[in-house]
Amino acid sequence: MLLVLLGLAVASPAQAQPLAFRRFGLNDGLPQSQVSALLEDHRGFIWLGTTFGGVARLSGGTFRPFGAAQGVKVRSVVGLLEAPDGSIWAAGVDSGLSRIRGSQISNFGAAEGLTTPAVFAIAYDAKGCIHAGTRTGLFRENGKGGFEKVPLPEPWSSSPLWGLERDPQGRIWMATRGGQVGRWDGTRVEDFSLPKAEQGREFVELRMDPAGTPHMLMLDALFRLEKTGWTQVPLTGTPGIPKTRNVRFGPKGEVLVCLNTMGLWIRQADGTSRILTADDGLPRESILSAFIDHRGVLWVGSDGGGLVAQALPGLRSIASGNGVDLGAIMSVVETAPNRFLLVSSNGLYAWDEGKGIHRHWTHADGLASDEGWVGIQDGQGGAWIGTSRGLNRLTREGRLLPGPKEMDLVTPSVLVIWKDRLWAACDRGLFELGLDGRFIARHRPPKEVGQDLVSGIIPREDGLMVGTRQGLWMFKDGKFERRHAEAPFSELTVNGLVQDSSGAIWLGSGEGLFQQKGKSWSRYGVGLGLPDDNIYFIHEVQPGRMAIGHGKGVTILESGASFHLSRNLGLISDETNQGGALTDSKGRLWIGMIGGVNILDAASGFSPKDLLQPLVTEVRWDGGSAPFPATLQIPPRPRSLDLEFDVASPLVSGTPKFQARLEGVDPDWRTVSGNVLQYLNLGRGRYTFRLRVTNDGIRWAEAAPVSLDIAPAWHERWPVRLLLALCALGAVGGAVAWRLRRMALEAHRLEEKVAERTQELAERNGSLERAHLQLKRSLEDRMQFVDAVAHDLRSPLTSIMLLVDRLRDEAAGRMGVQGVLQSLDQESARLESIVRSLLNQSKATSLFETINQVPCSPSTFFEGVTDVLALKAASKGLNCEMDLDPASRKAKVLADTTAMQQVLFNLVENALKFTPAPGTVGIRTRVSDSQWSLDVWDTGRGVDEEAALTIFEPYLQAKGADAMTGWGLGLSICTAIVTAHRGTLELVRENRQGACFRVTLPLAGKPSLVPEESFHGV
C-alpha cells in the first residue's frame, strides 16, 4: 500500500535526519542485488532487471522471478520495455531479447533473425512493432515470430545503436557513441547529432521526457534538444565531474540522474534540485537506475545494495549506523525545540536538529542502567529518565543525577507530573516523588490484583487512574478503588493507557485495543482492522487521530478508518515499544522501535490513501493461457482452469488477503490461500470471476470482473444435439415397435403356457387331495394304535405295581431285595408316566398345557437318576460315568423338573439301548455365563449322516438290528419338551465312538436360545 503526501519532499538544510526507504534484498526474494533497469507497467506493477539474475516483477510486496528457471534467456538486462499489448520485453547485452507475456516466455536470438546477441536498447514504433538497437544496427519484428534487419542509410546501417526512443508521433530516435543522434520515420533518417564540440563525450542514454523532448545523457553531462539545438542541463550541486549511469523523468516533470557512487540528482518541477546520497538513506553502492512511479514513489536500484523505495516522502528515520547502535528506542523526549533525548536499550542518546546524535550516556556515566525504559521533561530543560534499575535526572547542562535510593532496582514504565508530584508507574507499584526527586511513598496495588505492577497512569481531577495486571483502578488519598470492573479488559494486563482530548479512555492490552464510548467499550483487534492484537503504545496525534503501536508497525485511527505504517512502507522495524511515541513542537510524529526512530512529517495533516489494486493477471487452461483478460473464450471441456491474481500495488502495509467467487460455481466468497485458484472440469457456459482483496478485513478493493465463456463441445452444439435427438427418437421408436412385437409374441406364448400349467396344476391338485386323505387315515390309524397300546399297557402295569407292593410287605427287612424292589417301583412309575404321555400325544396341544416352568436348579433333574442308571448299566454289562458340574447347584433355569427328567431318562435309555457291552454310557453337565448344558453320551454304534437328518422326527428310527425295540417317539418328545423350555437339543459330533446328545437351556434372566416364533410351531 502506498500513499502520496505532498509530493517528493525536499528537506531544508536544517533537517539532517535521512529519508526512510523500504529496502529490498535477497532475503525479500530479489533475484540479485545488482538492479540495472527499472520499469512501471501501465497496471502499476514494478519490473526490474538485474545484471545477471534476469527479470523480476514486484507486486504486493513480493517478487515473482523470471529467470533461467522460468525460461528467460536474457541474463544481463540493459533495458526493459512494455509493448502496447502489455507484454514485457527485456534486452540483454549478450543474450538477445526475451518477451514475457503472463507465464508465456519467448526468446529471440540468431535462430529468430537477430544476427548478434548484443542488444543495447529497445523501442516500438507507431504500429507497436518492436525495434532493437544492436551492435550491428537496427532490427525490427518481421510479423512471422522473428526479427529482420532494417535497411538504414549509411552510416546507420552497421553502426552500434546504444540508444533507442519513440517520440509521441511514433518515430524512432537512435543514438550511438560520440553523440550522434538520428530520427527514423520509416523512410529516411534525419540527423540531430550533438555539436562537434560535444561529440567527444561518452554516450550513456537517450530518453524522452513526458512532453516528448529528447534528452541525451553523456558520461559527464545531460543535454536537452530544443528548437535551437542541444542545450546542456546543468547538474547543479554535483561535486566535481559527475559520472552518470541513468536518466529518468517523473510524472510531474522531475528529472532524475543516477550519479554512480555520488548518489541520485533530482530536479523538481519548480527548478530546485538536490542530491540524495547514502547519508539520506540510499545504498552506499553505485546507483544504477531510478525513477518515480505514478504514485509519487521514488525507486532506486543499486550495484550491490538491492532495491530501495521511498514509499512515504514525509517519512524520515534515525537508525543505527556509522558505529552507533541505537538498540530499541523505548521513549523520545523533546527537551527543547530541535533537541531530543532518545531513551534506548543501549543507554541515552542526545539528538539535535542539524547535528544528529552528538552525545551518549551509559552506566559508566552514571546512568542507573544501560537499559532505558521511559523519559519525561522535568520542566527545567532537562528530563527524568527511568531505567531497568532505577531513576535518573538529566540536567539541562547534561549532568546525570541519581534518583532516590528507594527506587534502586525498580523499573519505571510511565512517568507523570501531577499536583506537584512526580508519579512513576513501576513493576513494584506506584511511586510518589517530589519534583526534586525526593522519595515520598510507595503505593502497592490491592492483594486481589495479584502483582504490584502498575503499567499506566492517567491524571484526573479526582485522582490517578492506573493500569494493572487486573484492569483499571483509581488511586486517591492513598487508596486504590476498582473501576470498570464489568469491562471486557477487567482481567487483562494493561499495556497502554491514554485519555484523549475528548475525555475518552483508550486502553491497550495483549488482546486488542479498547476505547471508551460513553458507558460502553469498543474493541479493535485483528478482526476489526488492526493487524495485531498486542498493543504497545497509544498516542493522540491530534484530536480525533490516534497512533496505535503494536507488533506489526503503527496504525493510524481516525473516524473509524485505519491506515497501517509498516516496514513495507519504510519503517525501520515492525516492532514498536511501550512508550515510543511523541508529537514534537513542529507537529511531527516520532515513533520509537527496534533499531531506531522514524519521524512522520506533518503528522496532523497526514492523509493516507488506500491504493490496493487487485488484478487477474492470467488465466491458464490445457494448452493455452491469456494474461490480464477481461473477456475470454476458452476451448470446450477444460480439465483445469487456473486463475492467477495479484495486487498491482508494489508496496503494501501488510499481507494482502484475497477472496474470490466464480458465479455459478461458488455460492459465496471463498478465501484463497496464495494467488492461484483452480477449477476442475467446468462445463460449457458463461461464468463471471470476481476478486477482492483487503489488508485489514474491513475495507475491500474489488477487481474488474472477468467474463469466461467456455465453448460447448461438438456434441453440445444445438444442431448436433437436434440431430442426435432425432436419431435417438428414431431409435427409441424402432425399439418400442420391436418391443411391442416381442411382447405380443411373448403374451401368446404365456397364454399357452398358462393353459398348460393350469391343466397340470389341476391334475396335481387331485393327486394331493388323494395323498392328503391317505395321510389323514394313516395318522388316525397311528393315533388309534398309540391309544390302544397305551390302554393295553396300563392293565399289566397296574398288576405289576400291586405285586411290587405285596413283595415289599413280604420282603421287609431284606436290604438287597428292598433295593431291587425300590428300583422296580421307580421303573414301573416311569413306565406308567410314559404310557400317560403316549395318551397325551394324541392331543395336539396337551404337551404344553401340562408343562409348568418355575425357577429351579438343574441339579434337581438328577434326583434318583444315578442309582437307576447304575443298575441298568450293570444289568447290561456297561460302565457308567458321571461328570456333573458343581456350579449346577447354584445356577437357576426356568424349567418343569418332571418334564426335564423325562428328557433325561429318554436320552439315557437310548444310550443304554444302542450301546453293546462292555461299552460306556455317561452324563456330563456344564455351566457358562448364559446357559446350562447337558451331554448324554455313549460308545455305541453312533448315528450315521443320513439318519442324523431325520432322527428327531416322530415315528422315524435309525436303521439297525435294535431299531424295532422302540416306537420312534423318544427324541421327538424330547425335542418338543426342550423347545418348550426355550432351549435346544442337538446331536454333537465328537471324535470318540458312539453318539452325544446335547441339551442346552438358558439361565434364568438370559435370552432364549431359539427364536420366539419357534415356540409356536412346536
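Contact here means heavy atoms within 4.5 Å. By that rule F861 touches C856, V893, A895, T897, M900, Q901, L904, W932 and L1001, leaving aside residues up to four places away in sequence. This is a predicted model, where local features need pLDDT of at least 70, side-chain atom pairs count only at pLDDT 80 or more, and totals for chains, interfaces and linings use all residues. Residues are numbered from 1 along each chain as its sequence is written, and side-chain values use heavy atoms, with hydrogens and water left out.

F861 also belongs to the largest nonpolar core. Such a core is a set of buried Ala, Val, Leu, Ile, Met, Phe, Trp, Tyr and Cys residues joined through side-chain atoms within 4.5 Å. Buried means under 20% relative accessible area, exposed means over 50%, and partly exposed lies in between (1.4 Å probe, protein chains only). This core has 39 residues. F861, L907, W932, L934, F997 and V999 have the most contacts inside it. Among the elements that give two or more residues are helix 4 (865-875), strand 71 (931-938) and strand 73 (996-1002). Helices (H or I, at least four residues) and strands (E, at least two) are DSSP runs, numbered from the N terminus. Helix 5 gives the most, with 8 residues. Another core lies apart, with 34 residues, including V35, L48, A311 and L651.

Two strands pair if DSSP finds at least two bridges between them. Strand 57 (residues 614-621) and strand 58 have 4 bridges. R620 stands opposite S625 in strand 58.

Now for some backbone exceptions. Most residues other than glycine have a negative phi, and most peptide bonds are trans. D477 has a positive phi near 55 degrees. D477 is found in the loop between strand 44 (471-476) and strand 45 (479-483). D477 is exposed, at 70% relative accessible area. H484 has a positive phi of about 55 degrees too. H484 sits in the loop between strand 45 and strand 46 (496-499). H484 is partly exposed, at 28%.

Two peptide bonds are cis. One runs from E154 to P155, with omega near 10 degrees. P155 lies in the loop between strand 13 (147-149) and strand 14 (163-166). The other runs from A917 to P918, with omega near 0 degrees. P918 is in the loop between helix 5 (897-913) and strand 70 (920-927).
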